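Good morning, colleagues. Please look at the model first.

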Amino acid sequence: MRDIRLVILDFDGVVVDSEVISARMLVAELALYGVIIDLPYVARHFLGRSYPVVLRQIRSEFGVSLPEGFEADYRARLIDAFRRDLRLMPGLRTLLARLATPYALATSSSPARVAQSMQIVGISDLFEGRITTAAEVTHGKPAPDLPLRAAQKAGIAPEHCLVIEDSLAGVQAALAAGMQVWRFTGGSHFAGIAPPGDDHAHAHRVFADFAQIAGFAPDLLTPGDQEIRHE
C-alpha cells in the first residue's frame, strides 16, 4: 500500500446496503412507463450515477421522457422503503472505529437522501463534516471530480487517498483521480450477479467483507483485539 492519509468511502452499496432496494424500486417504477429493465441492467448502467444521468440514459436508450414529478414521487417512495428495509453494511461501524487514518464520504446521492439515510440507520454523527455529494461538483462519476473534491476538502493529495467503491463508475472516477481504489462487492445488489467490469478500469483490490481488511491491510487499522464484526 502507498502512504494512505485519507480513506474515501462511497455511500450507497458501501456504507449502507441500499442499492438493491433502489434498483428493485426503479425497475418497478420504470415498468409503469413501458421501460423494461432488470437488475443487471441497473448494475451496469445506473450504479454509482446521479439521478440526472439515469434520466438521460432512459431518454436516450428507450425514447421515454419521464413526467415532471416522477423523481419526487420515486424519491418519496424510496425513503419509505428505506425506513422499512435499509441496513448499515455489516462491519462498517467497527471499521470506522478502527481506522488509523481520517475518513470521508463521496457520494452521487443528493444531500437530502444521504442525510435521511444516515438518520434511518443511526450514523449521522459518524460522518458529520465529512460528506461530499455530487451537488458540489460539475461532473459526476466516472469523472474524477467527486473524489478529488473530497480530498481537497480534507487537505490530502490524491496520491495519498484510498477510495472504497462498489460501482464501476466509482472505480473509474477514483482511478482517473490518481487514487488507490478497492472495490467492495459485499452489498446485496451483487448477490447472484457478477459486478460489471471494464478491461481498462481495474480496482487495486476486490473484497466482499470488511473483516478481510484486517488480513490484507492491517496497517490501515489501529492495533487491538477488536474484530471487524458484523453488527
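What volume does the second largest cavity have? The second largest cavity has a volume of about 50 Å³. Let me state the basis of these values. This is a predicted model, in which local features need pLDDT of at least 70 and side-chain atom pairs count only at pLDDT 80 or more, while totals for chains, interfaces and linings use all residues. Residues are numbered from 1 along each chain as its sequence is written, and side-chain values use heavy atoms, with hydrogens and water left out.

A cavity here is a set of points, on a 1 Å grid over the protein atoms alone, where a 1.4 Å probe fits but cannot get out; lining residues have an atom within 4 Å of a point. Grid points are joined across faces, edges and corners, and a volume is the space filled by probe spheres set on the points. The count comes to two cavities of 30 Å³ or more.

The second largest cavity is lined by I8, L9, D10, A106, K141, P147, V163, E165, G170, A173 and A174. By class, that lining has seven nonpolar, one polar and three charged residues (Ala, Val, Leu, Ile, Met, Phe, Trp, Tyr, Cys and Pro count as nonpolar, Asp, Glu, Lys and Arg as charged, and the others, Gly among them, as polar). At least two lining residues come from each of β1 (6-9), β4 (161-165) and α8 (168-176), and α8 gives the most, with three residues. These elements are DSSP runs numbered from the N terminus: helices are H or I of at least four residues, and strands are E of at least two.

The largest cavity has a volume of about 60 Å³. Among the residues that line the largest cavity are E19, V20, L39 and H189. Helices α1 (19-31) and α2 (39-45) each supply at least two residues of this lining.

I turn now to strand β2, residues 103-107. Five of its five residues are buried, that is, under 20% relative accessible area with a 1.4 Å probe, protein chains only. Y103, L105 and T107 lie on one side, and A104 and A106 on the other. A106 also belongs to the lining of the second largest cavity.

How do β1 and β2 pair, in the parallel or the antiparallel sense? They pair in the parallel sense over three bridges; two strands pair if DSSP finds at least two bridges between them. L9 has L105 as its bridge partner in β2.

Conventions
1 Å grid on protein atoms, 1.4 Å probe; cavity = no way out; pocket = protein on both sides within 12 Å on 5 of 7 lines; lining within 4 Å. Buried < 20%, exposed > 50% of the residue type's maximum accessible area, 1.4 Å probe, protein only.
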